[in-house]
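Subject: Structure handover

Hello,

Here is the structure I promised to pass on. My notes follow below it.

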Amino acid sequence: MEANAQPQIALNDVSQTSMLTLYCRALESQSQDPILDDPKAIELTRRLGPQLAASENPQNRQIAAGKIDPRVIVHIALRAKRYDAYARAFLAQHPTGTVVNLGCGMDTRFWRVDNGQGNFYDLDLPEVIALKQQLLPEGERYHFIASSALEEAWMDDLSQREAGPFLFLAEGVFMYLHEPDVKALVLALQSHFSGCELVCEVFNKIWLAPFWRDMISAKMQRRLPMGKGTRFHFGVGKNTDLETWGPGIEYLDDWSYFDEDEKKLGAYRLFKHIRLFRETQWTLHYRLNKA
């Protein structure tokens, strides 16, 4: 791609959320007392900004103008920071291990956590990877996989290319899928990468009842720069739900951004004491042992 060429953006509604999270990280990185330091995100927003600002898509124009709810910016930054911590902890234990970012979007985690030894793979739909290839270079230890996470062909290839151990990160992914697909994906990861770790963001299935789901979807589209196709489908009831999908699936720990002692959360920090709110949208950490 020529240095002055405009990146071509052609994403569906769900993939479009990657622009929102990218801008959240960039905006927070430039704020006072930033939660997250992400210079690469700032660089990408400067390259993408002119095209987003001129887009026919109103969500793109809103994102480019930085018109994003500050609470969402804080949420996304805290989540990215925590997932960085999971990756760093994994690499501290396995310096030459492999970190796979499922549904990576415009994430720039490699530049935030690279230890100089580990291998990193960013996986997303072909149209997302096509855009990312216009913006970021692959390297000896940083690679792209253009595929749906639900396809097993990439698992076959990766299991032959890398010896592991493996850490799979699913940040803001599972809730957009349906339960049979999430279950099939988890069991396929367990089969191909026995002993791997999985860190995944989940939604509480209580809020997926038709009335609540419609209300939450409408609220998301009203308050956030998101298209009508961004609807949640998958949820869990408790932290150990995935263990019931088969032998060898081991729950390790969980995290909610309400747990953080971050002053930018304000009164929302009190929600960590109310389970229904703490576990509205939170993160689970599993080990997928041999079945």
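Start with one pair of side chains. E43 and K40 meet in a salt bridge, with N and O 3.2 Å apart. By salt bridge I mean a side-chain nitrogen of Lys or Arg within 4 Å of a carboxyl oxygen of Asp or Glu. Side chains of opposite charge can pair when their charged atoms come close. E43 and K40 are three residues apart in helix 2, so about one helical turn separates them. K40 is buried, at 16% relative accessible area. E43 is partly exposed, at 34%. The cut-offs: buried is under 20% relative accessible area, exposed is over 50%, and partly exposed is in between (1.4 Å probe, protein chains only).

Before you read on, two notes on the source. This is a predicted model, in which local features need pLDDT of at least 70 and side-chain atom pairs count only at pLDDT 80 or more, while totals for chains, interfaces and linings use all residues. Residues are numbered from 1 along each chain as its sequence is written, and side-chain values use heavy atoms, with hydrogens and water left out.

More on salt bridges. The count comes to 24 by the rule above. R278 takes part in a salt bridge with D259, at 2.8 Å from N to O. R278 sits in helix 10 (residues 275-278) and D259 in the loop between strand 6 and helix 10, so this pair ties together parts that are 19 residues apart in sequence. R278 also forms a salt bridge with E279, where the closest N and O atoms are 3.5 Å apart. R278 is buried at 12% relative accessibility. E279 is buried too, at 8%. D259 is partly exposed, at 27%. Elsewhere, a network of salt bridges links R25, D38, R79, D84, D107, R109, R112, E171 and E201.

The loop between strand 6 and helix 10 also holds G266. G266 is partly exposed, at 29% relative accessibility. G266 and R71 are 195 residues apart in sequence, yet their C-alpha atoms are 9.7 Å apart in space.

Seven strands form an open sheet with mixed pairing, in the order 3-2-1-4-5-7-6. Strand 3 (142-146) and strand 6 (249-255) are at the edges with a single partner strand each, so one side of each has no neighbour in the sheet. Neighbouring strands are turned by 20 degrees against each other on average, direction ignored. Strands (E, at least two residues) and helices (H or I, at least four) are DSSP runs, numbered from the N terminus. Two strands pair if DSSP finds at least two bridges between them. Strand 6 and strand 7 (residues 281-288) run antiparallel and are joined by six bridges. I249 has L288 in strand 7 as its bridge partner.

Last, the helices. Helix 6 (residues 126-135) packs on the sheet and touches strand 2 (119-124) and strand 3; its direction makes about 145 degrees with that of strand 3. Contact here means heavy atoms within 4.5 Å. Axes are lines fitted to C-alpha atoms, for helices over the stretch in contact, and angles run from 0 to 180 degrees between N-to-C directions. The axes of helix 2 (residues 39-53) and helix 6 come within 11 Å and cross at roughly 105 degrees. L44, R47 and L48 in helix 2 meet L131, Q134 and L135 in helix 6.

Best wishes
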